[in-house]
Amino acid sequence: MKPAPFDWHAPHSLEEALALKARHGDDARFLAGGQSLVPAMNFRVAQPAVLVDLNRAAGLGGIEAQADGSLVIGAMARSAAVERHAGAGTSHPILAEALHEVAHPQVRNRGTLGGNLSHADPASEMPAVMVALNARFVLRSARGERDIVAADFFLGPLTTALAPDEMLAAIRIPALPPRSGTAWLEIARRRGDYAMMGVAAIVTLDTGGVCTAASLACCSAGPTPMTAPRAAASLVGTKVSDTDIARAADLLRQEVAPTGSVQASPAYQRHLAGVIAARALATARERAA
Amino acid sequence: MKRVTLTINGTAVTREVEARLLLSDFIRHEAGLTGTHVGCEHGVCGACTIRLDGAPVRSCLMFAVQAEGHDILTVESLGTPGSLSVLQQAFQDSHGLQCGYCTPGILMTISAFLEENTDPTEDEVRHALSGHLCRCTGYQHIVDAVLLAAKRMRAG
């Protein structure tokens with residue numbers, strides 16, 4: 001239960017960190033909050049030869065509301081800090097609502113949003129939330145910078161679009177349109193456990209109460225965060241009545257691909273997806289009004 | 001090997017350690033403070049919880065070398081056998097422990113929790129405890145102890 005030996009580097013700048021990763025490639029892992037990597041190292045299922053510790057690199061942890069209502073979050077922002085940030089409670093309340101369910105406060109005190117997203121566990125909440133919000137991720141390397149939409153970042157279980165020399169540096173979350181309501185809902189057997197199913201629901205209404213946009217994304221529902229575009233599209237143009245919601249939930253059930261776990265069979269996860277999506281949509285609709 | 005100086009309960013401790021030495025092991029074996037316990041070493045049980053710059057964190061998920069430049073508080077900072085803190089006394093009075101293995105971690109989490117929330121509901125206490133596993137008590141007396149401590153702290 002002790003990790004294998006490694007060379008530890010704790011650079012003071014992002015540039016140094018990226019240079020180290022470029023030099024060592026796949027032999028090196030970035031160390032952010034360590035709440036996923038260190039357990040894996042303690043079990044020795046991960047044995048990186050080199051750790052590039054990001055905790056001393058300046059300027060990676062900011063949380064900044066932009067003038068246009070969007071939010072820019074540095075990858076090293078602690079999950080607890082994001083949860084407490086005003087933007088998480090006001091402009092993007094789904095961030096605080098979902099983070100509240102992520103593991104436990106102790107894990108959130110040290111764990112980072114960027115680290116959690118880079119780990120890309122299909123059972124994690126925040127990847128699904130980012131996909132639902134249509135967030136963009138800024139990926140940096142010694143070669144430069146690119147940004148991609150969250151849905152293109154998650155490729156499979158624990159697999160992302162990061163090149164061997166790249167790091168997720170920042171997350172840009174667009175402003176929600178006026179009269180948008182959001183909800184994160186999940187079911188886990190114990191508080192803090194990985195969810196058997198989790199759903200992010202976003203609903204935007206016009207002044208007449210008619211839905212102009214909707215977004216749904218689930219965790220624990222497939223190899224990556226699973227969206228439900230047909231379910232979401234079915235709500236546009238409707239007043240998001242209980243019947244509309246029930247129809248959307250039915251569609252969502254067909255759009256997810258849960259593989260089951262020790263806690264829940266695929267059929268049960270699929271059932272939960274419909275139940276939770278319906279509840280989350282109802283809540284999102286109330287909040288949009 | 002790297003020479004590091006960690007500040008634990010206000011005291012500087014300088015040792016030469018491998019980068020892979022966990023903070024929990026530094027606290028126990030290098031600093032000799034065995035109040036911090038190791039239950040799972042993969043971040044689920046909470047027995048190793050300390051306060052890093054005031055925030056409760058799992059010390060089994062940090063390397064000792066990372067903790068240089070930070071303030072670490074362990075259970076030894078709360079009180080002594082002859083002079084228990086209000087929180088510790090409440091645990092004794094409420095039978096909030098049996099084997100005591102999970103207790104130090106819980107005390108560190110709750111000492112931070114009660115600083116932020118001086119009048120918690122039972123639900124809030126249970127939420128605050130959710131990162132800790134106890135195999136002995138069934139948690140009820142732990143919850144009672146926390147509520148009793150909060151009440152006594154409010155009374156001054």
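A:Ser215 sits in strand β13 (residues 211–219) of chain A. Helices (H or I, at least four residues) and strands (E, at least two) are DSSP runs, numbered from the N terminus. This is a predicted model: local features need pLDDT of at least 70, side-chain atom pairs count only at pLDDT 80 or more, and totals for chains, interfaces and linings use all residues. Side-chain values use heavy atoms, without hydrogens and water; residues are numbered from 1 along each chain as its sequence is written, with chains lettered from A and ligands numbered from 1 in the order in which they are written.

A:Ser215 is buried, at a relative accessible area of 18%. Buried means under 20% relative accessible area, exposed over 50%, and partly exposed in between (1.4 Å probe, protein chains only). Leaving aside neighbours within four places in sequence, A:Ser215 is in contact (heavy atoms within 4.5 Å) with A:Ala132, A:Ala200, A:Ala201, A:Ile202 and A:Ala232. A polar atom of the A:Ser215 side chain lies 2.8 Å from the backbone oxygen of A:Ala132. A:Arg285 is 70 residues away from A:Ser215 in sequence and 12 Å away in space, C-alpha to C-alpha.

## Helix α8 of chain A

A:Ala132 is also one of the buried residues of α8(A). Nine of the nine residues of this helix (residues 125–133) are buried, so the rest of the structure largely encloses it. Among them are A:Glu125, A:Met126 and A:Pro127. A:Asn134 follows α8(A) and has a positive phi, near 60°.

## Strand β3 of chain B

Strand β3 (residues 49–52) of chain B is covered on both faces. B:Thr49 and B:Arg51 are buried on one side, B:Ile50 and B:Leu52 on the other. In a regular strand the side chains alternate between the two faces of the sheet.

β3(B) pairs with strand β4 (residues 55–58) of chain B in the antiparallel sense, over four bridges. Two strands pair if DSSP finds at least two bridges between them. B:Thr49 has B:Arg58 as its bridge partner in β4(B). The hairpin has two residues between the strands, and B:Asp53 takes a positive phi near 50° there. β3(B) also runs antiparallel to strand β5 (residues 71–73) of chain B, joined by two bridges. In β5(B), B:Leu73 stands opposite B:Arg51.

## Where chains A and B meet

The contact takes 30 residues from chain A and 28 residues from chain B. In chain A, A:Trp8, A:Gln106 and A:Arg110 lose the most area to chain B, together 26% of what that side buries. The area buried between the chains is about 2,400 Å², and carbon and sulfur atoms give 58% of that. Buried area is the accessible area (1.4 Å probe) that two parts lose on being put together, summed over both.

There are two salt bridges between chain A and chain B. A salt bridge is a side-chain nitrogen of Lys or Arg within 4 Å of a carboxyl oxygen of Asp or Glu. A:Lys2 forms one with B:Glu41, the closest N and O atoms being 2.4 Å apart. The largest share of the chain A side that touches chain B, five residues, comes from α6(A).

## A:Gln35 at the boundary

A:Gln35 is found in the loop between β2 (28–31) and α2 of chain A. A:Gln35 is buried, with a relative accessible area of 14%. Not counting residues up to four places away in sequence, A:Gln35 touches A:Gln106, A:Val107, A:Arg110, A:Gly111 and B:Leu61. The A:Gln35 side chain reaches the backbone oxygen of A:Gly33 at 3.1 Å.

Notes: A polar contact is a pair of N or O atoms within 3.5 Å; within protein, one must be able to donate a hydrogen and the other to accept it, and residues adjacent in sequence count only if both atoms are side-chain atoms.
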